[in-house]
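These are my notebook entries on a protein model.

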Amino acid sequence: MVREKDICWEYADRLEGNKVRCKFCDRILNGGISRLKHHLSRLPSKGVNPCTKVRDDVTDKVREILASKDDSKETLTVKKQMLPEFKSPLAVSNSTGKSLMSVEAAPVTGKFFSSSTTSGSTSRSDHENAERSIALFFFENRLDFSIARSSSYQQMIDAVRKCGVGFIGPSADTLKTTWLENIKSEVSLQSKDIEREWAMTGCTVIAETWTDNKSRALINFLVSSPSRTFFHKSVDASSYYKNIKYLSDLFDSIIQDFGPENVVQVIIDNELNCPGLANHILQNYGSIFVTPCASQCMNGILEEFCNVDWVSRCILQAQAVSKYIYNNSSMLAMMRMFTGGHDIIRSGITKSVSNFLSLQSMLKQKSRLKHMFNSPEFSTGSALSNKPQAATCVSILDDNEFWKAAEESVAVSEPFLKVMREVSGGKPAVGFIYELMTRAKESIRTYYIMDEIKCKTFLDIVDKHWQNNLHSPLHSAAAFLNPSIQYNPEIKFFPAIKEDFYTVLEKLLPTPDHRHDLTNQILLFSRGKGMFGCNLAKEAIDSVSPGRFSRVKYMVNGVAGIWWEQFGDAAPTLQQVAIRVLSQVCSTSTSERQWSTFQQIHSEKRNKIDKETLNDLLYIYYNLKLDKSLKSSSSEADSLQLDDIDMTSEWVEETENPSPVQWLDRFSSALEGGDLNTRHFNTSIFSSDNIFNL
């Protein structure tokens, strides 16, 4: 009965045995309510994965509960330590041997309980003072509140606590010199350890570009291999951004930093769309490929999906609802009450990702939102319900056509969001980009099996981006060499894929000596002979789960290259090629980038020493971010979703003097026709439909 009264049960569902399910992230935990508290507190030192979706107020409340529990334990320990020292007055006597009971008993007893009470009070006061000092540190230095959610924040506090009273933090000079150099050396050593695998796996050079409307251009260079991605350096290319000679020399120097013999491909993002640069690399480095960024291609597809008239109208309607809620504290509190503490919008790594994640979130909260706007709390005696925006929100939420459009938008976007998740985050997914895209397109065909016009609209967008912005011979070769695809009886390779495969072989094995016995090795692999066909080799592909999508995920996470290392000895030349090809990523990093930091480093107003210090800071900062991103990709956290809601996004920020029906202005003509698909969909992504459980 006592356990049931624990206030933290409102954040979890009780399951069989001692298991609980977190209501924020749906993670199942062993260990009951105690383990849930550490999960919600986001304290990594407790050996429990922190919750990535819990609200800040809940985290603060749970941390207070845990802190008070620790205080109680400390007080109890103090009492236990003091009890043996307390002697009965009957045992106390003076030099004459007379009992001092009447004189000593009351003061001793009074002092004992007074001491324990004071100790407890002091403990609580110290805790409050510590929090106040931390808060002042944040406010005085204009620190982002989200810093308090980082694992290093709590690790710092735990480390200081272990040092005890009298610990003095490092000075500014010590931080800038000793510790900056020490941490940089630690990161560099990690990078050197990873470099050892390049001889076998090769590596990918990634160029991320940022430009603004003032003709500024910054290029960040990273290097990626199966173990992880590392930030290398940032270059201000503003003065030479359109100069092919300068860019060619710049990329030459970067390739030389890593060794041309180690580099398999260079990924150039869409901002640096420079055919002359790509041609220079291809002509001067015979074994290096130049490929576009797959995640940017997915984002381009999603952006065009957003521009389809009825999808755009649906997004604007949804934003009208979210803006009204998030710009009024009373409505925001009411919404969180009705949704059980959940937000209805999500901020993603790009605008289009935010749009579809938010629609998905609103669709999940459909019944609760409708209930809220029709509840007595909203309509009875509330000034909120009298605003014109309120009437607009009620009209939108009561419109079945809006919800059908939201359902369709989520259904067509989710397969490509899944592709984006698989190809992002530093995972060597080059061997599966073909199959992932094929299955995403097949999902659209299945969903729109009765609507040829809409099906063609979306597939044309996908095909345009695939042909113009993504297709690479390296992707074809990786698909051919991936055992999970090669031995799938449902898949037949088009001649074009085989042609690309042979092109890659000629590029990576340029002389006849390198290609000795290659034909026999290809036949051995494609026919599953020898070690390729043994039971262990087959089980290594299918062992994770009988579900097809699980097998895809298993092989995407780098196991395809390991499979070749284990079972490809009978085809040594092909084995070498397969491991190098299948070990590559196909996207730039999805970690959140603070371009203002890079701008600060490249400021002309800094002297050489300052720039060197800032470059070191940037090297540490970005690599720590990449390390965090790697850990997040191995957890249940959504790699496309940011931790905090962007309060300046179009889902929150209102324009000046907004019209309550401004979303109608752009679609007056479209509303007269039957643009929305009015048929009822019996299944959706949130029902038992298994279309997207690939």
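I noted the definition: a side-chain nitrogen of Lys or Arg lies within 4 Å of a carboxyl oxygen of Asp or Glu. Glu 442 is partly exposed as well, at 41%. Helices (H or I, at least four residues) and strands (E, at least two) are DSSP runs, numbered from the N terminus.

I recorded the ground rules here. The model is predicted, so local features need pLDDT of at least 70 and side-chain atom pairs count only at pLDDT 80 or more, while totals for chains, interfaces and linings use all residues. Residues are numbered from 1 along each chain as its sequence is written, and side-chain values use heavy atoms, with hydrogens and water left out.

My search of the whole structure gave 17 salt bridges. One of them joins Glu 304 and Lys 464 at 2.5 Å, N to O. This pair links distant parts of the chain, 160 residues apart: Glu 304 is in helix H9 (residues 294-307) and Lys 464 in helix H18 (residues 452-470). Glu 304 is partly exposed at 24%, and Lys 464 is partly exposed at 39%. Within helix H18, Lys 456 and Asp 460 are 4 residues apart, about one helical turn. They form a salt bridge, with the closest N and O atoms 2.7 Å apart.

Which side chain does Ser 476 join in a polar contact? I found Asp 500, at 2.8 Å; such a contact is a pair of N or O atoms within 3.5 Å, where within protein one must be able to donate a hydrogen and the other to accept it, and residues adjacent in sequence count only if both atoms are side-chain atoms. Ser 476 lies in helix H19 (residues 473-481) and is buried, with a relative accessible area of 0%.

Asp 26 is not a glycine, yet its phi is positive, about 65°. I located Asp 26 in the loop between strand S2 (19-22) and strand S3 (28-30), and it is exposed at 52%.

Definitions and conventions: Buried < 20%, exposed > 50% of the residue type's maximum accessible area, 1.4 Å probe, protein only.
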